[in-house]
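Thanks for passing this one along. Here are my notes, point by point, for you to read with the structure open beside you.

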Amino acid sequence: MVKMNHMKSGIFKIGSLLAAFLFVSFFGFAQDFAPWPVPDEASVVKNPVEANKTSLEAGKSLYTLQCKACHGETGRGDGLIKAASLVSENFQSQTDGAILWKLHQGRGQMPSFKALPDDQLWNVINYVRSLSKKPEDIIMKNAVVSLFFNEKAEQKELTAKVEQVNDNGEKLPAQGIKVNVGVQKYFGILPISSTSNYTSENGEINIVFPNNIIGDENGELTIIASVDDMEFNPARVSENISWGQINPKDYWSERRALWKNNDYIPLWLLISFTVGAISVWLVIMYVALLVRKIKIEGDKSGLSD
Amino acid sequence: MSATPNSTSESGNKTYEQIREDLIRPLHNNSFWNQVWIRFLIIVIVLGAVAYGHQLIKGLGLTAMRDYSAWGMYISNFVFWVAVSLIGSLISAILKLLTQNWANPISRISEMIALGAITMAGASIVIDMGRPDRVLNIPLHGRIQSPIVWDFFVVNTYLVISAILLYLPLIPDIAILRDRMTKAPKWQRKIYEVLSIGWQGTQEQWRLLKKSIRIMIILILPVAFSIHTVTSWLFAVTLRTGWHSTIFGPYFVAGAFVAGSAAVVIAMYVFRKRLKLQDYLTDHHFNMMNKLVVLTLLIYLYFNINEYLVPGYSWKRLDGDHLQELLMGHEAPLFWMTQILGMVLPIILLLFKPMRKPLPSMVIALFVLIGAWIKRFLIVIPTQFHPQFPIQNVPEHFTHYIPTYTEIAVSLATLAGALLIITMLVRVFPVVPIWEEAHDRGIHKIFKAEK
């Protein structure tokens with residue numbers, strides 16, 4: 001019995017050690033990033049770039065390219081890996097100069113962006129500042145976007161038109177608005193406009209539509225145009241048109257059931273798996289029954305002794 | 001393999017009482033070194049558990065598994081443990097059905113190894129999961145077309161069958177222990193009391209027991225073959241070079257018997273020495289068991305030649321890249337070491353009778369077993385560095401796989417786990433079946449339980 005107690009206390013010790021370890025590492029994980037001190041001479045550097053529309057738009061496109069993956073679309077640090085939140089009080093309280101210094105330095109998983117010219121980095125800083133601004137700070141305008149299709153002999157042309165809607169419902173062509181045009185695919189939107197598509201003075205952009213985009217079995221595509229401008233509320237339009245290549249349904253993608261989900265399970269497989277599984281377990285249960293019989297038999301002969 | 005049916009030990013005739021006491025004696029003797037061994041295993045398991053806890057919190061990023069090598073050491077371990085576990089079916093089922101009675105004293109060793117190994121096979125899969133709490137999604141939401149679902153089913157079924165097949169022939173022995181081990185600690189006596197299920201050794205009980213055992217040794221065969229064939233299909237149904245092979249099923253099964261037989265030889269040696277069972281695990285048993293090792297090795301060699309010669313002859317582009325790496329490139333030293341030290345040399349050495357003696361054959365079996373593990377590693381890892389589509393823009397360290405300390409610690413813990421299961425079973429139950437041993441030595445009385 002002494003040995004048993006000994007063993008019990010051993011198990012208890014090991015258990016509490018393990019619990020302590022899990023506790024410590026959990027809180028180690030939950031803790032935020034360590035402080036990142038910035039030298040004073042870097043903090044006092046002033047941002048020479050005005051946070052105007054051009055700067056913010058350039059900043060946004062650079063942010064999308066370089067920062068979004070980790071810091072997330074809205075800058076909350078909710079990207080693919082754990083990253084600092086850019087909208088937190090803590091982050092926003094530092095000076096622009098301090099942020100620039102950090103962009104130059106890099107730390108841990110965060111790379112150094114020294115290779116980029118400073119004016120581009122200032123644009124990003126301006127954009128990051130705008131992330132934490134509350135929506136009511138900016139007066140948002142409304143717009144509608146519409147699509148027009150124009151099929152010439154060999155060439156297919158697409159026109160997206162943006163009109164600003166005033167408070168009295170009046171529509172006016174909006175100039176210099178960025179419009180993203182793309183085709184809906186399985187895992188997202190395939191862009192067909194270049195990254196710098198700004199509407200002309202009559203509110204339009206024209207795109208030559210590529211011929212090699214694969215549609216469904218009728219060649220049908222869903223084309224999506226959306227307004228991408230920080231002064232405007234989101235607006236988008238989607239239209240179907242048979243401008244894609246025909247993608248015929250074939251046996252291998254439609255019927256080949258071994259690849260597909262359980263709705264397509266081949267009957268022979270369903271039957272052999274289920275029958276096999278059930279019969280093995282029936283036999284196991286039968287043996288369990290025999291063992292039970294052994295016990296009953298033992299109890300009987302134990303009584304008769 | 002020529003077997004002498006009803007082989008008797010060289011050490012002359014023993015009475016039933018002598019046999020019984022010889023086989024029970026190790027259970028009384030909780031030696032100092034035994035306790036040191038158990039504590040050592042527990043320490044290794046705790047270290048592994050700490051590493052695993054760390055992995056649970058920080059995620060699989062702590063392993064060396066990346067875009068190329070998405071399967072690493074854990075999956076190699078899984079394949080290895082499944083392989084080792086197959087030995088229970090080879091010795092207890094195949095040899096028994098072929099009436100190879102020399103193997104009767106080894107059958108329980110093989111069943112204990114099978115139970116320890118299959119438990120760790122299941123554990124290895126869960127360890128490899130980033131979200132182990134979602135393991136039940138496999139039976140709940142799995143596609144029946146997926147080999148993962150078949151594997152989940154068959155591993156669990158084999159675990160249950162292995163436990164039953166270990167338990168059934170134990171019942172009469174447990175009844176003996178219930179009556180003889182009156183000085184054992186209370187928990188141990190309670191185990192005997194419950195597990196002996198009122199065994200009295202009546203004729204009807206013997207009839208039911210023999211029937212149950214017979215059903216189980218037939219049932220375990222298709223399940224054992226399924227488990228390792230399905231494990232091989234996890235690889236073979238992908239379109240990957242080095243995996244996409246039609247002989248992968250039998251290739252894995254043959255390799256499994258090699259690994260398991262080697263494990264049994266090592267266990268036989270250790271038990272013979274530590275538990276003083278020289279009269280029960282004799283040179284004759286080592287001789288026969290090592291002939292079995294040679295047989296399984298020869299079959300495995302045959303499959304190896306098929307597996308490497310055919311793609312090596314046609315040398316398709318990706319196959320060629322893969323084989324180049326394996327036979328002549330970066331993996332070549334490990335590959336040839338495994339093939340020669342773990343397969344070819346053991347075959348040659350074991351053809352000579354002195355090499356089939358306990359000590360030399362145990363050393364050879366160690367090489368075979370370690371080779372078997374490295375072989376699993378070489379099947380799982382190198383293939384993944386030859387994907388059909390190149391993987392782009394990855395850091396340099398993604399392009400090779402070296403297990404991290406976390407992986408090594410957790411893997412060692414599974415090894416210690418299997419050894420602890422076997423050790424604890426041997427602590428509580430006799431490793432050589434008492435009633436079968438008596439029966440094989442011509443003592444034909446059906447034991448009435450002694451009160």
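This is a predicted model: local features need pLDDT of at least 70, side-chain atom pairs count only at pLDDT 80 or more; totals for chains, interfaces and linings use all residues.

1. Start with the strand pairing in chain A. Leu221(A) has Ile241(A) as its bridge partner in S8(A).

2. If you want a pair to click on, take Val179(A), whose bridge partner in S7(A) is Val227(A). How many of the seven residues in strand S7 of chain A are buried? Six of them are, so to speak, under cover: strand S7 (residues 221-227) is mostly covered.

3. Now the wider view of chain A. The chain has nine helices and eight strands. Its domain assignment lists domain 1 (40-136), domain 2 (142-241) and domain 3 (258-289). Between domain 1 of chain A and domain 3 of chain A, the C-alpha centres are 57 Å apart.

4. A residue to look at in chain A is Asn123(A), which sits in helix H7 (residues 118-131). Is Asn123(A) buried or exposed? Its relative accessibility is 13%, and because anything under 20% is classed as buried, Asn123(A) counts as buried. Sequence neighbours within four places aside, Asn123(A) is in contact with Val49(A), Ser55(A), Ala58(A) and Gly59(A).

5. You'll find Tyr264(A) in the loop between helix H8 (251-254) and helix H9 (267-304) of chain A. With a relative accessibility of 32%, Tyr264(A) counts as partly exposed. Setting aside residues up to four places away in sequence, Tyr264(A) touches Glu254(A), Arg255(A) and Ala257(A) from chain A, plus Gln145(B) from chain B. Trp252(A) is 12 residues away from Tyr264(A) along the chain, and their C-alpha atoms are separated by 13 Å.

6. There is another cross-chain spot, this time seen from chain B. Ile215(B) lies in helix H10 (residues 203-236) of chain B. Which residues does Ile215(B) touch, not counting those up to four places away in sequence? They are Val283(A), Tyr286(A), Val287(A) and Leu290(A). For a sense of scale within chain B, Pro387(B) is 172 residues from Ile215(B) in sequence and 45 Å from it in space, C-alpha to C-alpha.

7. On to the make-up of chain B. It has 17 helices and zero strands. Its C-alpha atoms fill a box of roughly 75 × 50 × 45 Å along the principal axes. Why call chain B consistent with a compact globule? With 451 residues, such a globule would have a radius of gyration near 22 Å, and chain B has 23 Å, which agrees.

8. Burial and contacts, chain by chain. In chain B, 57% of the 451 residues are buried. In chain A, 32% of the 305 residues count as buried. Among the contacts in chain B between residues at least 6 apart in sequence, 83% join residues at least 24 apart. For chain A, residues 24 or more positions apart account for 55% of the contacts with a separation of 6 or more.

9. Surface figures, for the record. Chain B exposes about 19500 Å², and carbon and sulfur atoms supply 67% of that area. Chain A exposes about 19800 Å², with 59% supplied by carbon and sulfur atoms.

10. Most residues other than glycine have a negative phi. Thr99(B) is not a glycine, yet has a positive phi of about 50 degrees. Thr99(B) is found in the loop between helix H4 (87-97) and helix H5 (104-128), and is exposed, with a relative accessible area of 53%. Ile197(B), also not a glycine, has a positive phi of about 35 degrees. Ile197(B) lies in the loop between helix H9 (186-195) and H10 of chain B, and is buried, with a relative accessible area of 10%.

11. Last, confidence in chain B. The mean pLDDT is 90, and 96% of the residues reach 70 or more. Over residues 1-11 of chain B, though, the pLDDT is below 50; this stretch has 21 contacts in the model beyond near neighbours in sequence.

Methods
Residues are numbered from 1 along each chain as its sequence is written. Chains are lettered from A and ligands numbered from 1 in the order in which they are written. Side-chain values use heavy atoms; hydrogens and water are left out. pLDDT is the predictor's confidence in each residue, from 0 to 100. Contact means heavy atoms within 4.5 Å. Domain bounds come from an automatic or database domain assignment. Helices (H or I, at least four residues) and strands (E, at least two) are DSSP runs, numbered from the N terminus. The radius of gyration is taken over C-alpha atoms; the globule rule is 2.2 Å times the number of residues to the power 0.38. Buried means under 20% relative accessible area, exposed over 50%, partly exposed in between (1.4 Å probe, protein chains only). Accessible areas come from the Shrake-Rupley method with a 1.4 Å probe; for residues, only the protein chains shown count as cover. Two strands pair if DSSP finds at least two bridges between them.
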